[in-house]
Amino acid sequence: MNDTTTATDTELITGYLACWNTTDPTERHIAVEAVWAAGARSIDPLTDATGHAELEAMFAGFHEMYPGHSFRQVGGSDRHHQLLRWGWEMLTPDGTKVLDGLDVALLDDDGKIGYLAGFFGLPLPAAA
């Protein structure tokens, strides 16, 4: 049974995407502090960052490697207990999808991201 996604969850995902999408370091810092716990960790197949400074560097590095690219949420979100998941797409500057995936976040007691695991590729691979 899944709990319902709340407006707060939607705001959290919007804030999370802002961390990826903003190119302004000050705005990025504000976004990171708003949605990430102080010692939060984010992992995906290419990155592993812990704490606000490493997270901010990871987001800045994305813009250095992929100028003009951005992320958007795909579909809704789903939550149970302290876990929240959502799909996303990475877009080129002209809006072409180049990557998609799924993020699963473990939220802390304050509703901030304490741990996030990102997966590339949707739909999920077929069973072996």
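Predicted model: local features only at pLDDT ≥ 70, side-chain atom pairs only at ≥ 80, totals over all residues.
Rings of Phe, Tyr and Trp (for Trp, its six-membered ring) pair if their centres lie within 6.5 Å; planes under 30 degrees apart count as stacked, over 60 as edge-to-face and the rest as tilted. Residues are numbered from 1 along each chain as its sequence is written, and side-chain values rest on heavy atoms, with hydrogens and water left out.

A search of the whole structure returned 10 aromatic pairs. The ring centres of Tyr16 and Trp36 are 6.0 Å apart and their planes stand at 50 degrees, so this pair is tilted. Because Tyr16 lies in helix H1 and Trp36 in strand S1, the pair ties together parts that are 20 residues apart in sequence. Helices (H or I, at least four residues) and strands (E, at least two) are DSSP runs, numbered from the N terminus. Both Tyr16 and Trp36 are buried, where buried denotes under 20% relative accessible area, exposed over 50%, and partly exposed in between (1.4 Å probe, protein chains only). Trp88 and Phe120 form an edge-to-face pair, with 6.0 Å from centre to centre and 85 degrees between the planes. This pair links distant parts of the chain, with Trp88 in strand S4 and Phe120 in strand S6, 32 residues apart. Trp88 is buried at a relative accessible area of 4%, while Phe120, at 31%, is partly exposed.

Helix H3 (residues 51-65) has 15 residues; at 1.5 Å a residue it should span 21 Å, and its end C-alpha atoms are 21 Å apart, which agrees. The expected span is 1.5 Å times one less than the number of residues. Buried positions in H3 are Gly51, His52, Leu55, Glu56, Met58, Phe59, Phe62 and His63. Leaving aside residues up to four places away in sequence, Phe59 contacts Cys19, Trp20, Arg28, Val32 and Trp36, contact being heavy atoms within 4.5 Å. In H2, Arg28, Ala31, Val32 and Val35 are buried. These residues cover an arc of only 100 degrees around the axis (taken from the directions from the helix axis to the C-beta atoms), which places them on the same side of H2. The face turned away from the buried side carries the exposed residues Thr26, Ile30 and Ala34.

Strands are paired if DSSP finds at least two bridges between them. S1 and S6 pair in the parallel sense over four bridges, with Ile43 opposite Ala117 in S6. S5 and S6 pair in the antiparallel sense over seven bridges, with Ala105 opposite Leu116 in S6. S5 and S6 form a hairpin with five residues between them, and Gly111 in the turn has a positive phi of about 80 degrees. Asp110 is found in the loop between S5 and S6 and is exposed at 69% relative accessibility.
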